[in-house]
Amino acid sequence: MDVTLLMEYGWVLLILIGLEGILAADNALVIATMVKHLPENQRKKALFYGLAGAFIFRFGSLFIISYLVHIWQVQAIGALYLFGIAAYHLLKKHVLKPKLIKAAEQKKGSGFWMTVVKVELADIAFAVDAILAAVALAITLPAANLPEIGGLNGGHFAVVLAGGIIGLVIMRFAAGYFVILLDRRPGLETTAYLIVAWVGIKLAVYTLAHPELAVLAEGFAKSAEWKAIFWTVLLSIGIGGWFLSKEKPVRAEETTKAV
């Protein structure tokens, strides 16, 4: 790889680290909420199963998607899925949240194994979210001089694989930091899902430029013009989200604990 190619790959990987961090924190928050009604010893077991499931499903999703990624119908479903889960989370957070909180408070906690099943189903959803977002970012990168793995160029596969591993590492070791960051700046969750929706649009553009559809010119999805538009909007969402998300004041008891 030449220096320009390495920089482009490194830039995409850097974006993936940030996105994977927020998604992993969200995943950790969801799982923690699901298991909090269990006794402590069972809670630890359920969290262990949840982490193991996240590992299996994330890599399973990667290998399945790598074989199907060049089929335009799969690309279209992926684009709709990314846009749909972003819309769902944004609606849940800003429109349905009070109702969901009230329903959750009235709902009795499930038993251990039913809780584990729910955690694994959540893992599947988050694994597909993370891998699809990573693939959508990677497939328009210039092809590296590496052998294909599944249907992906070796360089693209390496970026997605690295993003998946980083997501798991964050979920295991650094999710606590991102949970604190989300607690301090709740608006960052909205920013993350706006980025997911924008990545879904990127995958939709790639789909519309597929030779079998040819709604857009075949080279448009990899053109400098589209890349400039995509990265400008993505950075605007990220920077705007950081500055517009109000930082919650640290409570006195938290300051005391920190000291």
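The axes of helix H2 (residues 40-68) and helix H4 (residues 112-138) come within 8 Å and cross at roughly 35°. Here, axes are lines fitted to C-alpha atoms, for helices over the stretch in contact, and angles run from 0 to 180 degrees between N-to-C directions. The H2/H4 crossing is right-handed. A crossing is termed right-handed if the near helix is turned clockwise from the far one by less than a right angle, and left-handed if anticlockwise. By class, the contact of H2 with H4 has 18 nonpolar, four polar and four charged residues. Nonpolar covers Ala, Val, Leu, Ile, Met, Phe, Trp, Tyr, Cys and Pro; charged covers Asp, Glu, Lys and Arg; the others, Gly among them, are polar.

The model is predicted: local features need pLDDT of at least 70, side-chain atom pairs count only at pLDDT 80 or more, and totals for chains, interfaces and linings use all residues. Residues are numbered from 1 along each chain as its sequence is written, and side-chain values use heavy atoms, with hydrogens and water left out.

The protein has eight helices and zero strands. From the N terminus on, its elements run α-α-α-α-α-α-α-α. Helices (H or I, at least four residues) and strands (E, at least two) are DSSP runs, numbered from the N terminus. Of the 259 residues, 42% count as buried. Buried means under 20% relative accessible area, exposed over 50%, and partly exposed in between (1.4 Å probe, protein chains only).

A search of the whole structure finds one salt bridge. Its partners are the side chains of Glu-8 and Lys-227, at 3.0 Å, N to O. Glu-8 lies in helix H1 and Lys-227 in helix H7, so the pair ties together parts that are 219 residues apart in sequence. The criterion for a salt bridge is a side-chain nitrogen of Lys or Arg within 4 Å of a carboxyl oxygen of Asp or Glu. Glu-8 is partly exposed, with a relative accessible area of 23%. Lys-227 counts as buried, at 18% relative accessibility.

Helices H1 and H7 also meet the surface. Trp-11, Leu-14, Ile-17, Leu-235, Ile-239, Trp-242 and Phe-243 make a nonpolar surface patch of about 680 Å². Two elements give two or more residues to this patch: helix H1 (3-35) and helix H7 (224-244). H7 gives the most, with four residues. Patches are made of residues with over 30% relative accessible area and no salt bridge; like charges are joined within 9 Å, and nonpolar side chains (Val, Leu, Ile, Met, Phe, Trp, Tyr) within 5 Å. Accessible areas come from the Shrake-Rupley method with a 1.4 Å probe, and for residues only the protein chains shown count as cover. Ile-239 is found in helix H7. Ile-239 counts as partly exposed because its relative accessibility is 49%.

Thr-140 lies in the loop between H4 and helix H5 (154-184). Thr-140 counts as buried, at 4% relative accessibility. Gly-155 is placed in helix H5. Gly-155 is buried, with a relative accessible area of 2%. Gly-155 and Pro-142 are 13 residues apart along the chain, and their C-alpha atoms are separated by 8.7 Å.

Ala-214 has a positive phi of about 55° although it is not a glycine. Ala-214 lies in the loop between helix H6 (187-208) and H7.
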